[in-house]
Amino acid sequence: MNKTKLRTTVFRISFIVLFAIFLTIFMSNKYGYYEYKKHEQVTLTQEQIARFEQDVKDGKNIDLENYLDNTTKNYQTKLSQAGLNVSNSLANIIKAGVDSFFKYIGKFVVEN
(Lines give C-alpha, C1' and ligand atoms only; values in the text may rest on other atoms or scores of the structure.)
Protein backbone atom coordinates (compact mmCIF):
# COMPACT_ATOMS: atom_id res chain seq x y z
CA MET A 1 0.00 0.00 0.00
CA ASN A 2 2.84 2.41 0.81
CA LYS A 3 4.59 1.76 -2.51
CA THR A 4 1.45 2.65 -4.43
CA LYS A 5 0.97 5.80 -2.39
CA LEU A 6 4.62 6.77 -2.89
CA ARG A 7 4.41 6.19 -6.64
CA THR A 8 1.23 8.25 -6.84
CA THR A 9 2.85 11.09 -4.92
CA VAL A 10 5.98 11.03 -7.08
CA PHE A 11 3.85 10.96 -10.23
CA ARG A 12 1.75 13.91 -9.06
CA ILE A 13 4.78 15.99 -8.13
CA SER A 14 6.49 15.16 -11.44
CA PHE A 15 3.34 16.02 -13.35
CA ILE A 16 2.93 19.35 -11.55
CA VAL A 17 6.58 20.31 -12.16
CA LEU A 18 6.38 19.39 -15.85
CA PHE A 19 3.10 21.27 -16.20
CA ALA A 20 4.63 24.36 -14.57
CA ILE A 21 7.59 24.19 -16.97
CA PHE A 22 5.21 23.84 -19.90
CA LEU A 23 3.17 26.84 -18.76
CA THR A 24 6.29 28.96 -18.35
CA ILE A 25 7.53 28.15 -21.84
CA PHE A 26 4.07 28.57 -23.34
CA MET A 27 3.50 31.96 -21.71
CA SER A 28 6.93 33.28 -22.63
CA ASN A 29 6.32 32.24 -26.23
CA LYS A 30 2.78 33.63 -26.29
CA TYR A 31 3.77 37.02 -24.96
CA GLY A 32 6.81 37.36 -27.19
CA TYR A 33 9.69 37.22 -24.70
CA TYR A 34 12.01 35.57 -27.21
CA GLU A 35 11.10 38.01 -29.98
CA TYR A 36 11.62 40.93 -27.57
CA LYS A 37 15.13 39.71 -26.70
CA LYS A 38 15.97 39.33 -30.40
CA HIS A 39 14.59 42.83 -31.08
CA GLU A 40 16.78 44.18 -28.27
CA GLN A 41 19.86 42.63 -29.89
CA VAL A 42 18.97 44.10 -33.29
CA THR A 43 18.45 47.55 -31.75
CA LEU A 44 21.84 47.43 -30.08
CA THR A 45 23.41 46.37 -33.35
CA GLN A 46 21.74 49.24 -35.23
CA GLU A 47 22.98 51.70 -32.58
CA GLN A 48 26.51 50.35 -32.96
CA ILE A 49 26.30 50.67 -36.76
CA ALA A 50 25.11 54.28 -36.45
CA ARG A 51 27.95 55.07 -34.04
CA PHE A 52 30.46 53.44 -36.40
CA GLU A 53 29.16 55.40 -39.39
CA GLN A 54 29.31 58.66 -37.42
CA ASP A 55 32.92 57.97 -36.41
CA VAL A 56 33.81 57.28 -40.05
CA LYS A 57 32.23 60.60 -41.08
CA ASP A 58 34.11 62.40 -38.30
CA GLY A 59 37.39 60.79 -39.38
CA LYS A 60 38.08 59.18 -36.01
CA ASN A 61 40.43 56.26 -35.52
CA ILE A 62 38.36 53.10 -36.07
CA ASP A 63 38.87 50.12 -33.78
CA LEU A 64 36.47 47.20 -34.06
CA GLU A 65 36.63 46.51 -30.31
CA ASN A 66 35.01 49.91 -29.65
CA TYR A 67 31.82 48.80 -31.41
CA LEU A 68 31.45 45.27 -30.09
CA ASP A 69 29.86 44.67 -26.72
CA ASN A 70 31.19 41.88 -24.58
CA THR A 71 28.26 39.46 -24.71
CA THR A 72 29.96 36.63 -22.86
CA LYS A 73 29.03 36.67 -19.22
CA ASN A 74 30.94 34.88 -16.52
CA TYR A 75 28.48 33.19 -14.21
CA GLN A 76 31.14 31.48 -12.16
CA THR A 77 31.14 32.10 -8.43
CA LYS A 78 33.87 31.44 -5.90
CA LEU A 79 32.11 28.24 -4.89
CA SER A 80 31.84 26.94 -8.44
CA GLN A 81 35.48 27.92 -9.09
CA ALA A 82 36.54 25.98 -5.99
CA GLY A 83 34.50 22.98 -7.16
CA LEU A 84 36.15 23.17 -10.57
CA ASN A 85 39.60 23.32 -8.99
CA VAL A 86 38.86 20.30 -6.79
CA SER A 87 37.47 18.42 -9.79
CA ASN A 88 40.52 19.22 -11.91
CA SER A 89 42.88 18.20 -9.10
CA LEU A 90 41.09 14.88 -8.62
CA ALA A 91 41.10 14.29 -12.36
CA ASN A 92 44.86 14.89 -12.49
CA ILE A 93 45.47 12.54 -9.56
CA ILE A 94 43.33 9.80 -11.09
CA LYS A 95 44.96 10.29 -14.50
CA ALA A 96 48.42 10.00 -12.95
CA GLY A 97 47.35 6.85 -11.07
CA VAL A 98 45.90 5.21 -14.17
CA ASP A 99 48.98 6.14 -16.22
CA SER A 100 51.33 4.69 -13.63
CA PHE A 101 49.18 1.54 -13.32
CA PHE A 102 49.29 0.90 -17.06
CA LYS A 103 53.00 1.70 -17.18
CA TYR A 104 53.53 -0.89 -14.43
CA ILE A 105 51.45 -3.49 -16.30
CA GLY A 106 53.28 -2.58 -19.50
CA LYS A 107 56.58 -3.63 -17.93
CA PHE A 108 55.23 -7.15 -17.41
CA VAL A 109 53.97 -7.37 -20.96
CA VAL A 110 57.26 -6.22 -22.45
CA GLU A 111 59.44 -8.45 -20.24
CA ASN A 112 57.53 -11.64 -20.97
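**Close-up 1. Phenylalanine 11 and phenylalanine 15 sit about one helical turn apart, because they are 4 residues apart in helix 1 (residues 2-30).** Please keep in mind that this is a predicted model. Across the structure there are 6 aromatic pairs. One of them joins phenylalanine 11 and phenylalanine 15, a stacked pair with 6.3 Å from centre to centre and 25° between the planes. Phenylalanine 11 counts as exposed at 59% relative accessibility, and phenylalanine 15 counts as exposed at 52%.

**Close-up 2. Tyrosine 104 and phenylalanine 108 are separated by about one helical turn, being 4 residues apart in helix 3.** A pair of aromatic rings is described by the distance of the centres and the angle of the planes. Here the ring centres of tyrosine 104 and phenylalanine 108 are 5.1 Å apart and the planes meet at 85°, so this pair is edge-to-face. Phenylalanine 108 is partly exposed, at 43% relative accessibility. Both Tyr104 and Phe108 also belong to a nonpolar surface patch of about 1,100 Å². Other members of the patch include Val86, Leu90, Ile93, Ile94 and Val98.

**Close-up 3. A salt bridge joins the side chains of aspartate 99 and lysine 95.** Side chains of opposite charge can pair when their charged atoms come close. For aspartate 99 and lysine 95, the N to O distance is 3.2 Å. These two residues are about one helical turn apart, because 4 residues separate them in helix 3. Aspartate 99 is partly exposed, with a relative accessible area of 41%, while lysine 95 counts as exposed at 52%.

**Close-up 4. Lysine 60 and aspartate 55 meet in a salt bridge through their side chains.** A search of the whole structure finds 2 salt bridges, and the one between lysine 60 and aspartate 55 spans 3.7 Å from N to O.

**Close-up 5. Asparagine 66 lies in the loop between helix 2 (33-58) and helix 3 (78-111).** Asparagine 66 is partly exposed, with a relative accessible area of 45%.

Notes. Residues numbered from 1 in each chain as written. Predicted model: local features only at pLDDT ≥ 70, side-chain atom pairs only at ≥ 80, totals over all residues. Heavy atoms only, no water. Buried < 20%, exposed > 50% of the residue type's maximum accessible area, 1.4 Å probe, protein only. Salt bridge = Lys/Arg side-chain N within 4 Å of Asp/Glu carboxyl O. Patch = residues over 30% accessible without salt bridge, like charges linked within 9 Å, V, L, I, M, F, W, Y side chains within 5 Å. Areas by Shrake-Rupley, 256 points an atom, 1.4 Å probe, with all protein chains shown as cover. Phe/Tyr/Trp six-rings, centres within 6.5 Å; stacked < 30°, edge-to-face > 60°.
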